[in-house]
Amino acid sequence: MKEIISVVVPVYQGEPFIAELVHRTRTTIIALQVDYEIILINDSSPDNSWQIIENECKKDCKVIGINLSRNFGQHYAMAAGLEHATGSWIVVMDCDLQDVPEEISKLYNKTKDGFELVLAQSVDRKDSFFKRYTSKVFYGALSWLAGTEYDHQVANFGIYHRKVIDAILTMGDSIRFFPSMVKWVGFHATFLEVRHAQRIEGKSSYNF
């Protein structure tokens with residue numbers, strides 16, 4: 001039986017990106033000669049994201065759609081996807097294609113060096129100056145408050161062994177911030193520099 005990679009993608013205002021995301025992710029993982037499932041969680045997006053997700057599910061039984069009853073927020077949507085993931089390795093990524101699907105290959109190959117999670121480090125982020133600056137300030141403040149170092153170049157994109165995700169899911173925190181939960185559970189981790197793409201359409205849903 002082939003190893004399975006689960007790809008968990010929270011979706012909000014993802015209408016322009018979903019079809020391409022699924023195609024590029026599928027192509028990338030098939031080239032690794034492993035099996036896959038792509039889990040798309042619609043966080044009550046106001047556009048046609050859910051209709052597109054349904055269409056992708058009809059075309060490929062390995063694409064799984066989850067439709068949340070209201071907008072819970074990215075990290076809660078992510079948790080819903082993680083609870084449904086069945087793979088021995090789980091990739092978490094955003095839906096807007098700034099997390100480059102082809103970089104999954106690099107992350108997966110790095111796990112063969114014995115790491116239980118490989119975090120994507122976007123050293124050349126293609127965000128606006130305002131977003132890069134506020135992100136740096138946020139993670140700096142978080143590092144100070146939490147008493148542990150957070151890298152503003154590292155977000156959710158990465159690959160995680162099944163036991164890492166299982167440990168995160170057992171935490172059951174009512175307030176969920178994925179990077180903090182990843183740090184809390186430990187395990188043998190490393191960082192890997194990856195490409196970060198320009199946003200091709202729309203703008204980030206995060207406000208100040």
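Visitor: Buried means under 20% relative accessible area, exposed over 50%, and partly exposed in between, using a 1.4 Å probe and protein chains only. What kind of model is this?

Guide: This is a predicted model: local features need pLDDT of at least 70, side-chain atom pairs count only at pLDDT 80 or more, and totals for chains, interfaces and linings use all residues. Residues are numbered from 1 along each chain as its sequence is written, and side-chain values use heavy atoms, with hydrogens and water left out.

Visitor: Start with E56. Is E56 buried or exposed?

Guide: Buried, because its relative accessible area is 4%, under the 20% limit. E56 sits in helix 2, residues 49-59. Helices (H or I, at least four residues) and strands (E, at least two) are DSSP runs, numbered from the N terminus.

Visitor: What does E56 touch?

Guide: I18, A19, V22, R26 and V63, leaving out residues up to four places away in sequence. Contact means heavy atoms within 4.5 Å.

Visitor: Which side chain makes a polar contact with that of E56?

Guide: The side chain of K59, at 3.2 Å. A polar contact is a pair of N or O atoms within 3.5 Å; within protein, one must be able to donate a hydrogen and the other to accept it, and residues adjacent in sequence count only if both atoms are side-chain atoms.

Visitor: Now helix 1. Which of its residues are buried?

Guide: I18, L21, V22, R24, T25, R26, T28 and I29. Their cover includes strand 1, strand 2, helix 2, strand 3 (63-67) and helix 4 (104-111).

Visitor: How many residues does helix 1 have, and what is its reach?

Guide: 14 residues, reaching 20 Å from first C-alpha to last, close to the 20 Å expected. The expected span is 1.5 Å times one less than the number of residues.

Visitor: What follows helix 1?

Guide: Q33, with a positive phi near 60 degrees. Q33 is not a glycine. It lies in the loop between helix 1 (18-31) and strand 2 (35-42). Q33 counts as exposed because its relative accessibility is 65%.

Visitor: And S44, where is that?

Guide: In the loop between strand 2 and helix 2. S44 also has a positive phi, about 50 degrees, without being a glycine. At 30% relative accessible area, S44 is partly exposed.

Visitor: Switching to sheets. How many bridges join strand 1 to strand 4?

Guide: 4, and strand 1 (residues 4-11) runs parallel to strand 4. I5 has W89 as its bridge partner in strand 4. Two strands pair if DSSP finds at least two bridges between them.

Visitor: Which residues of strand 4 are buried?

Guide: W89 and V91 on one side, I90 and V92 on the other, in a strand spanning residues 89-92. Both faces are covered.

Visitor: Which residues have the most contacts inside the largest nonpolar core?

Guide: I5, V9, L40, V91, M93 and L107, in a core of 32 residues. Another core lies apart from it, with 23 residues, among them I66, A80, I90 and Y160. A nonpolar core is a set of buried Ala, Val, Leu, Ile, Met, Phe, Trp, Tyr and Cys residues joined through side-chain atoms within 4.5 Å.

Visitor: Whole chain, then. How many helices and strands?

Guide: 7 helices and 7 strands. Of the 208 residues, 48% are buried. Among contacts with a separation of 6 or more, 81% join residues 24 or more positions apart.
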